[in-house]
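Hello,

Here is the structure I promised to pass on to you. Have a look at it first, and then read my notes below.

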Amino acid sequence: MNRLVVGNWKMNMNLRQAETLITRLRQQITAPTASVVLCPSFVSLAKAQEIILSHKTFLQLGAQNINDNDEGAFTGEVAGPMLKGLVKYCIVGHSERRIIYQEDNELIARKVAACIRNKLTPILCVGETTNARQDGLAQRTVLDQLETNLSEITRDEASNLVIAYEPVWAIGSGVNAEPSIVQAMTLTIHQYLFNKYGQAIADKIAILYGGSTNVDNASAYLGLHKVGGLLVGGASLNYKEFSSICQL
Ligand code: PGA
């Protein structure tokens, strides 16, 4: 399976800063060892696409969010048909959206379906909180998330899916998860997908790790069995660091 490295810029970088960062990444990443996906804010996507198309770079784009409806009176929201043709991927179910914006598992399931309906590959984020892990409920939490979040798509549609394991306690905290924890959860997720969809489809679904990754710890995850890449937050804003991760 091809390695995938996704940069989640979150609510950072204005249009000019985004332009500069994309240009630097384009120049710096000369020998990528992964497919590289950048997820800038919505306002920078059109410019990012323009740069990518005019320079014919290998960089790909993703959105950070999507509305579950395809159009309508939803002030401030962005729908799948607006993203179609602009991005290939869309992050769904990020813990910041689950926690800060109270997105529940059912809404995330509809967002996954909205991605598939609009020919976007969902990068579905799952992961447990500190409390869930301390209570021995890490696996249960992730399996419950998967069960509901994947309930609105068919078996065939599931082959166009990326899962990101992002323990909430590791995101933006500087406390990256021990590789052994990531290995165990990745295998749990893969086994779940195998049981649900069969081997052929389960093998097509990349499982990424995300949570305080940087150039120093990335290799430890990329070497794990069934880990297909990384979802990088903070470190994706630094072109030297992110370029290095993409060329490990
Ligand atoms: P981080 O964020 O790398 O800054 O921890 C990861 C993410 O939120 O996807």
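A salt bridge here means a side-chain nitrogen of Lys or Arg within 4 Å of a carboxyl oxygen of Asp or Glu. Please keep in mind that this is a predicted model. Searching the whole structure for such contacts gives 10 salt bridges.

One of them pairs glutamate 96 with lysine 10, with 2.8 Å between the closest N and O atoms. Glutamate 96 sits in helix α4 (residues 95–99) and lysine 10 in the loop between β1 (4–8) and α1 (15–28), so this contact ties together parts that are 86 residues apart in sequence. Glutamate 96 is partly exposed, at 28% relative accessible area, and lysine 10 is partly exposed too, at 21%.

Another joins lysine 47 to glutamate 50, at 3.1 Å from N to O. These two residues are 3 residues apart in helix α2 (residues 42–55), which means that about one helical turn separates them.

Lysine 111 and glutamate 103 also form a salt bridge, at 2.8 Å from N to O, and both residues are buried. Together with Arg97, Glu103 and Lys111 make up a network of salt bridges.

Now to the rings: the whole structure holds 2 aromatic pairs. In the pair of tyrosine 165 and tyrosine 209, the ring centres are 6.4 Å apart and the planes lie at 55°, so the pair is tilted. Tyr165, Tyr209 and Tyr221 form one aromatic cluster.

Enjoy exploring!

Note on methods:
Residues are numbered from 1 along each chain as its sequence is written. This is a predicted model: local features need pLDDT of at least 70, side-chain atom pairs count only at pLDDT 80 or more; totals for chains, interfaces and linings use all residues. Side-chain values use heavy atoms; hydrogens and water are left out. Rings of Phe, Tyr and Trp (its six-membered ring) pair if their centres lie within 6.5 Å; planes under 30 degrees apart count as stacked, over 60 as edge-to-face and the rest as tilted. Helices (H or I, at least four residues) and strands (E, at least two) are DSSP runs, numbered from the N terminus. Buried means under 20% relative accessible area, exposed over 50%, partly exposed in between (1.4 Å probe, protein chains only).
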